[in-house]
Amino acid sequence: MISLRLDVERREIEAMVEASGTVEGVVAHSRRPEPAGAASKGDGTGSEGPPGAASRPLGLLPGGLHPPQDPQTLADLHLDAVFDALDLGEEDPASVAELFRRPVGDADDVRFRQEVFADLLDDEVRKACADFADVVQTVVRRLDGLGRTDDARTRQGLLLAAAKLYCEAVRSLQRATTELGAQIRSRGLQELAGFIDDYVGSADFAVLAGDVETTRAALADLEYCVRVRGLRVEVSPYEGQADYSSEVLAVFERFRQAETRSHLTTYRVEPALGHVGTAILRLVAGTFPEQFAVLQAFCETHADPVHPTVRSFGLHLRFYLSYLAHVAPLRQAGLPLCLPELSPTSKQEQAEEVFDLALAGKLVREGRPVVLNSYRLDGEERVLVVSGPNQGGKTTFARTFGQLHHLAALGCPVPGSSCRLWLADRVFTHFEREEDHDATVGKLEDDLRRVGRILQEATHASVVVMNEAFSSTSLADARFLGERALEELTRLDALGVYVTFVASLARFGPNVVSMVSTVDPDDPAKRTFTIVRAPADGLAHALALARRRRVTYDQLRERFHR
Amino acid sequence: MRPHLLFADRDVDLDSPLPPQADDVANDLHVETLVTAMAAGDRYLAEVARRVLAVSLTDPGEIRYRQAVLSDCLAHPDTLRAFYQVTIDALEDRRRVWGWGIGSSGSPGLVLSGALRRLEAAMPRLRQLRTLAERHQESFASEGLVGLCAELRAELDDDYFALVEAHLSRLHFPDGVLVSAHLAADNSGTGYVLRESEDRSARWRRRLGLRAPGTLAFAIDPRDEGGGRALSELTDRGVNQVADAAARSADHVTGYFSALRAELAFYLGCVNLHDRLAPTGRPVCMPDPCPPGTGAWHAEELCDPALVLRSDSPVVGNALHADEQSLVVVTGANSGGKSTFLRSVGLAQLMAQCGMFVTAGSFRSDVASGVFTHFVREEDESMESGRLDDELARLSLIVDWLAPGALVAFNESFAGTNEQEGSEIARQVTRALAESGVRVVFVTHLFDFADSCQHLRPPALSLRAERAGDGRRSYQLSEAPPLPTSFAPELYRRIGGWACEDRATRGPRRDAAEPAR
């Protein structure tokens, strides 16, 4: 019955996925049929789970996804650098990476992810899950690599070792989740704990674990000798011969004058079994036929020891763990991260002490302070128009706004102490770009067409971030185009940030909030990077900056005279 | 032996650090498009072209030396290609030879045999060079190419080849390696020295199977690999010095071919570029480089070769009549050819100063102490800088390297703030540069700034991108003051505006993503 429901889900998701590119690995894995044991529990205890849980496929990433964000948008927001820096594991990093590009469609599905994140912020829970995910990844990687080994007996040994590791990981997760008990509150991790409980108790697992033990024991007791004579190599059972190298050392001890340099070669990686090693192994197997028959039988029975649901849980955890690992240094540095309150119905936002995640990563690494900003959108307010001194953090603020909405729609903790945000279907960005190399197409026309595309594609549920658009035009042109853009945003009723040097745009209308970057009153060249809600006064500080860079008229003349 | 085709009195150094700002200048002026045409698919040609273009000559005499060589090459492209092909073949020989030797890192015996193979392969190539020199010296007029041919003929005469070949055959040790050694404290051999091989009478005795008096002999089993290894180790020690000498000789010969290839590569690149430009019908000419202080800055039918190479449609040439000028301000319509003009001025200066022809009907200019560019850039990637400050910081870096006589091309600089303040900075910068003897070409939207340049004493040369009567771009610049017009409203209407009328009928994406339950 469960599997039927899962199939329905699968078709729906596939339809959506098909419409918008794929997230093969991750989504596909989450829909594998369940084992007999887990399925029977699913039937028996489904009612105990939270409402709706039973209709989800097992896994930590339920629900439909929006089409992926435009890569250029993520680049504009500097989220590409953040996501590229994530440790996405080795099993299927591309599909995990894809998840960071795709906003979640449904508010409850976002909450589902937020719950998992909340659990994983607990150090003990996170450690248990991370250990599990790491071992599952190692096991899967080794199993996938078996095909590269030609020799059957070598392959069998590797399979047994992987199976042993796998059983240990599953048992250890079960022990951990049992001990953690009520510390696990999220629907997702409760499902994982329930599944692991059932799985460890299942007959399949008991057989696997028992076979691992007996096979391992048989092979561990075996000891043999290799004799190389000219081109000839002999293998025999070990029969108690003494350690010869220490004998040799003893014989020549009398000649020793001083400590000699070590001639030991250090090997950093295990050497691959070459053809000689393989041939030796074949002789060893011939010497101990019984033990190798046990191994062969094990491998025939347990060709793929990893349960598909375990595999998909491992992969799903990577999404959560990679993000948390990335923000861990920020949390350690005392920066706030929060799970935002999300609304698909209200565009009134309040964001406290927010910051640019990408920039903060860099500043924390360099031991420098991070400036926190706050903003709010009340009533009919929709667009923040940011003006003021250059290099005052306007661009950073615009990025932060875009990052908050994209990260929130992933279900991720966002950089800020407390946030109430609109659940956006997509974030659009227009950041000034280097002149296209094909300079025969005018830059302004290109800009206009890009903005046109954005305004065509955006919906009332979207977020639009425009940074210094049209800054290379005349003041009159920039004002004209800025007003057209704000008119369209108003008609859309979309949320947005518009960074501009045209102060008059900050007085566009009641849906526009004016925010300005600020400078240190004692030193106009010194920025505070604080963006505050205040009327735009059009006062820029360009000459102060020029003085700091020593390029005013007087300074230049003096530099030439030296 | 030195090729000396790029400099009359010194070698070209392709490994020295590039001048400051060279990457920015190359990027801004689309030098890579030029380089691609010069390379014609040969990565090495591209590498050399890139380097030579980056290092401007500042002595008109040195420029004319190259112009003369280039004129010879343009007149005799097949001869140039024949010379170049010999260097390619020679270096290819070496690679093939090294393919089956171990190279320089094996035992002395391997080093020696590798070196011999390289030297033996090089001999016929050196003969080819001499033959080419004999055949073509008369057809050249330039000091550089005549000198090259004369040197090849003088240094690579028949006596020299005979001497080299005698040495090469002896180094094969047809009579075996003769090594002397003395005993170390533990009675092992030490101090191995290669000795003159046996004389004629000894060779006959050996061939007749007779021992020399007092000689004892033994043999190792042919299957005794360890014994074989010990013997070859002994000869290795013996030939160590001579192997080193031979390998270094081979390196020298290879080095000559490499140097010759490098110097020819630049001219071959120029010939390739010339071949690409010829069908477009755009005029090219050898520029007239003038000593600093002449006040020359004059071009007819000047166009951007990078654009000529890329564009399918005919490219418009422009005049630059800026003798005695130190500031040229370019304003006008978007997509009106301002950036292209700016690049054509910068590239012409760059090409002229490495000895190349330029894409113009005529071009006469003072040599610049350096060519610099300050172009609008994508927002700084370090995430922190605001745009204006980034621009100012870049400008400040350029100023560090500026000397009187330099040429700076500005493209939409100081647009990262409002028009009034951007104009003020532009005014201060250009005034300071002009008064310090730096030539400036400035493409700008800053009307306030461009307008004020009219009122300088002497006034700046103002050029304006024009549109034809039908409102389309003509890409033609004319000497005219800036217009206080804005173009965005027209452009906005032409693309049909941004308003999307069917907005109301389109649902939000949220509905599309929700799984149907």
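Strand β5 (residues 349-354) of chain A runs antiparallel to strand β6 (residues 373-377) of chain A, and four bridges join the two. Strands count as paired if DSSP finds at least two bridges between them. Helices (H or I, at least four residues) and strands (E, at least two) are DSSP runs, numbered from the N terminus. In β6(A), A:Asn373 lies opposite A:Val354. β5(A) also pairs with strand β9 (residues 418-422) of chain A, in the antiparallel sense, over three bridges. Here A:Ser418 in β9(A) stands opposite A:Glu352.

The model is predicted: local features need pLDDT of at least 70, side-chain atom pairs count only at pLDDT 80 or more, and totals for chains, interfaces and linings use all residues. Residues are numbered from 1 along each chain as its sequence is written, chains are lettered from A and ligands numbered from 1 in the order in which they are written, and side-chain values use heavy atoms, with hydrogens and water left out.

A cavity is a set of points on a 1 Å grid over the protein atoms alone where a 1.4 Å probe fits but cannot get out; lining residues have an atom within 4 Å of a point. Points are joined across faces, edges and corners, and a volume is the space filled by probe spheres set on them. The count is 12 cavities of 30 Å³ or more.

The second largest cavity has a volume of about 100 Å³. Its lining comprises 13 residues, with B:Ala90, B:Arg94, B:Arg118, B:Ala122 and B:Thr254 nearest the centre. In chain B, α5 (77-100), α6 (108-136) and α10 (225-277) each give two or more residues to this lining. The largest share, five residues, comes from α6(B). Eight lining residues are nonpolar (Ala, Val, Leu, Ile, Met, Phe, Trp, Tyr, Cys and Pro), four charged (Asp, Glu, Lys and Arg) and one polar (the others, Gly among them).

Conventions. 1 Å grid on protein atoms, 1.4 Å probe; cavity = no way out; pocket = protein on both sides within 12 Å on 5 of 7 lines; lining within 4 Å.
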